[in-house]
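Work through the exercises below with the model open. Each task is followed by a stepwise solution.

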Amino acid sequence: MTTTLRLQSCLKRLKLPTVARHAEALAREAEESRQGYLEYLCLLLETEVCQREENQQKARIQQARFPLIKTLDTFDFSAMPSLSKPKILTLAQGEFIDKKENVILIGNSGTGKTHLATAIAHAACRQRKRVRFVHAATLVDELLAAQAEHRLTKVEKQWRQHDLIVIDELGYIPFSKTGAELLFQFCSAFYERASLLVTSNLEFAEWTQIFGNDKLTAAFLDRLTHHAHILLMNGESYRFRQSMKRLESLPNA
Ligand code: ADP
Ligand code: MG
């Protein structure tokens, strides 16, 4: 058997496809540039590591199930001057996830909460953290269905495998009593174990509307805000402003 065949057979068994793809070309380059054996080996293994990390990032982004991919480079910070750009950039570095802290974005509709939440979570995926994006109402529906089918423990266990869960649009729809209790139980299970990133159009004082019960709301807020970065995003809707600009630029406007 030739050296190439022996090498390819070993790499297949060792599951090193990127090494297999680049071994010969890099060997030729190494010869031409008189690279040492160790330098060649190191370069070759680096290609495998880089490729694996890239694949994992892609998988994390897919598993997060973002409704739309949004990143920080398309976020116009000048449209929201009250928001601290350095703070957002720090959050995008993901240290809050290592510390199991939460992020809460509060502001009226169209102010970029979902955009920022997605961008921070997308950055976390690039750091190969396990992330999941979900609308609050969808999550509550899923928990209710799981409870009705006696598989709540299993479902909650699956969710607990994440490092960061984005719960978007809390407050748009009030929950039933059972729904609110399930959401409380769900979020409590993450307290100091993983991070939650919650967006809401309601200020904390109005959260009783979501949970329908003062005590439950207080207990929920107590846990959620204990180690939390709270960002207020009140202002004019970006969407609305863009539409106004478009209208103003029309000839007869
Ligand atoms: P919210 O979740 O607060 O209702 P979204 O994040 O859905 O708002 O924003 C509405 C639209 O406006 C999205 O397309 C979003 O990308 C865009 N948008 C909002 N704020 C900004 C901003 N500061 N820079 C760039 N795009 C923005
Ligand atoms: Mg939104």
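**Exercise 1.** Find the partner of arginine 130 in a salt bridge, and say what the pair ties together.

Solution. This is a predicted model. Step 1: arginine 130 pairs with aspartate 163, with 2.9 Å between the closest N and O atoms. That is within the 4 Å cut-off for a salt bridge. Arginine 130 sits in the loop between H6 and strand S2 (131-135), and aspartate 163 in the loop between helix H8 (152-159) and S3, so the bridge ties together parts 33 residues apart in sequence. Step 3: classify arginine 130. Its relative accessible area is 37%, so arginine 130 is partly exposed, as the class lies between 20% and 50%.

**Exercise 2.** Describe the lining of the largest pocket.

Solution. Step 1: take the volume, about 570 Å³. Step 2: look to the centre. Of 24 lining residues, Gly110, Gly112, Lys113, His115 and Arg239 are the closest to it. Step 3: assign elements. Helix H6 (113-126), strand S3 (164-170) and helix H12 (238-248) each give at least two lining residues. H6 has the largest share, with four. Step 4: sort by class. The lining has seven nonpolar, nine polar and eight charged residues.

Key
Residues are numbered from 1 along each chain as its sequence is written. Chains are lettered from A and ligands numbered from 1 in the order in which they are written. This is a predicted model: local features need pLDDT of at least 70, side-chain atom pairs count only at pLDDT 80 or more; totals for chains, interfaces and linings use all residues. Side-chain values use heavy atoms; hydrogens and water are left out. On a 1 Å grid over the protein atoms alone, a cavity is a set of points where a 1.4 Å probe fits but cannot get out, and a pocket is an open set with protein on both sides within 12 Å along at least five of seven lines; lining residues have an atom within 4 Å of a point. Grid points are joined across faces, edges and corners, and a volume is the space filled by probe spheres set on the points. Ala, Val, Leu, Ile, Met, Phe, Trp, Tyr, Cys and Pro count as nonpolar, Asp, Glu, Lys and Arg as charged, and the others, Gly among them, as polar. A salt bridge is a side-chain nitrogen of Lys or Arg within 4 Å of a carboxyl oxygen of Asp or Glu. Buried means under 20% relative accessible area, exposed over 50%, partly exposed in between (1.4 Å probe, protein chains only).
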